[in-house]
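The following exercises concern a protein model and the way its chains are organised and joined. Each task is followed by a solution in steps.

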Amino acid sequence: MPTVRLRDAGEYPEPIQKLFEVAKAWFKYDFAQPPAMSRVMAWDPELGAFHGRAMKRAMTPGEFSRAEKEMVAAVVSGVNACAY
Amino acid sequence: MAGDAPWYEAALLVGVTNALNVVADSPLESLEPPSPSAEAQTVFADIRAFYDRADVPVPFRRVASDPGYLTDLWGATRRVFADNTLTRRHKEALAFAVSVTTRSSFGTAFRLAEMRRLGVGERGVMEVLGVTQMFSSYTKIADTLQLEPDMDHIAAADPSPAPGGTPPAPRTRPPEAP
């Protein structure tokens with residue numbers, strides 16, 4: 001159980017809700033609610049913008065494909081024993 | 001990257017990578033036999049050829065006093081790092097990410113060198129490092145807030161059987177009460 005109450009998308013201001021739409025497009029999946037991590041990062045939009053851009057820059061296909069990078073991310077998450 | 005096969009392969013690689021790193025990063029220099037046996041030398045030759053290098057990486061030298069163990073450790077390592085569903089280049093990138101995440105001095109330097117040897121450029125190295133760093137951030141944020149998985153249903157389950165096996169029998173529904 002999360003240690004904080006995750007706010008529904010509708011509780012965020014309008015500009016942030018537009019960012020949630022961008023996140024939906026990134027994952028190519030129609031979530032009922034944006035992923036918990038998206039909602040956490042949106043709590044501090046300034047940090048979220050920097051962090052999100054860095055993440056997108058890292059995940060964008062380059063020498064490695066998006067799929068290859070998703071696997072790198074999964075491996076790092078596994079090694080960090082992160083269930084999320 | 002569809003299906004379970006690449007994920008099984010990646011998980012096995014994570015395990016073997018960590019196994020090599022823990023031995024290499026521990027103060028075990030004294031275990032390296034000064035004159036490895038002929039059997040160990042044969043394995044060393046295969047290791048040098050696989051990595052196209054003159055020396056034998058530390059973790060293998062440290063178990064060389066037991067050639068039988070060395071043979072099997074190398075067999076597992078070779079199997080897990082050879083081209084398969086995942087390419088060797090991608091596997092070295094995964095091993096690099098594991099090594100950075102676990103702060104392995106040996107693994108980080110060794111996998112970085114292997115990635116470069118296999119043709120990964122500075123941009124590619126930075127890509128893997130960036131993903132590693134960003135997800136080292138996300139994972140700790142998620143753990144601190146004890147977030148529960150909410151994206152695990154995106155990928156469809158792989159119905160294929162185990163390698164060489166047969167698919168599961170279709171589940172029959174018990175008759176319903178009239």
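Two residues are in contact when heavy atoms of theirs lie within 4.5 Å. The model treated here is predicted.

**Exercise 1. Describe the fold of chain A and the sequence range of its contacts.**

Solution. 
Step 1. Chain A has four helices and zero strands, and from the N terminus on its elements follow the order α-α-α-α.
Step 2. Consider the contacts in chain A between residues at least 6 apart in sequence: 51% of them join residues at least 24 apart.
Step 3. The C-alpha trace of chain A spans about 40 × 30 × 25 Å along its principal axes.
Step 4. Chain A contains 84 residues, of which 38% count as buried. The chain exposes about 4,800 Å², and 60% of this area is supplied by carbon and sulfur atoms.

**Exercise 2. Determine how much area is buried between chain A and chain B, and which residues of chain A lose the most.**

Solution. 
Step 1. The contact draws 41 residues from chain A and 46 residues from chain B.
Step 2. About 3,900 Å² is buried between the two chains, with carbon and sulfur atoms giving 73% of that area.
Step 3. On the side of chain A, the residues that lose the most area to chain B are E63(A), F64(A) and M71(A); together they account for 19% of what that side buries.

**Exercise 3. Characterise the polar links between the chains and the composition of the side of chain A that touches chain B.**

Solution. 
Step 1. Between chain A and chain B the count is one salt bridge. K69(A) forms a salt bridge with E127(B), and the closest N and O atoms are 3.2 Å apart.
Step 2. Helices α2 (36-41), α3 (45-59) and α4 (66-79) of chain A each supply at least two residues of the side that touches chain B. The largest share, 12 residues, comes from α4(A).
Step 3. By residue class, this side of chain A divides into 31 nonpolar, six polar and four charged residues.

**Exercise 4. Is E92(B) buried or exposed, and which residues does it touch?**

Solution. 
Step 1. E92(B) lies in helix α5 (residues 88-101) of chain B.
Step 2. A residue counts as buried under 20% relative accessible area. E92(B) is therefore buried, because its relative accessibility is 0%.
Step 3. Not counting residues up to four places away in sequence, E92(B) touches Y51(B), F81(B), R111(B), E114(B), M115(B) and L118(B).

Definitions and conventions:
Residues numbered from 1 in each chain as written. Chains lettered and ligands numbered in written order. Predicted model: local features only at pLDDT ≥ 70, side-chain atom pairs only at ≥ 80, totals over all residues. Heavy atoms only, no water. Buried area = accessible area lost by both parts, 1.4 Å probe. Salt bridge = Lys/Arg side-chain N within 4 Å of Asp/Glu carboxyl O. Polar contact = N/O pair within 3.5 Å; in protein donor to acceptor, adjacent residues only side chain to side chain. Nonpolar A, V, L, I, M, F, W, Y, C, P; charged D, E, K, R; others polar. Buried < 20%, exposed > 50% of the residue type's maximum accessible area, 1.4 Å probe, protein only. Areas by Shrake-Rupley, 256 points an atom, 1.4 Å probe, with all protein chains shown as cover.
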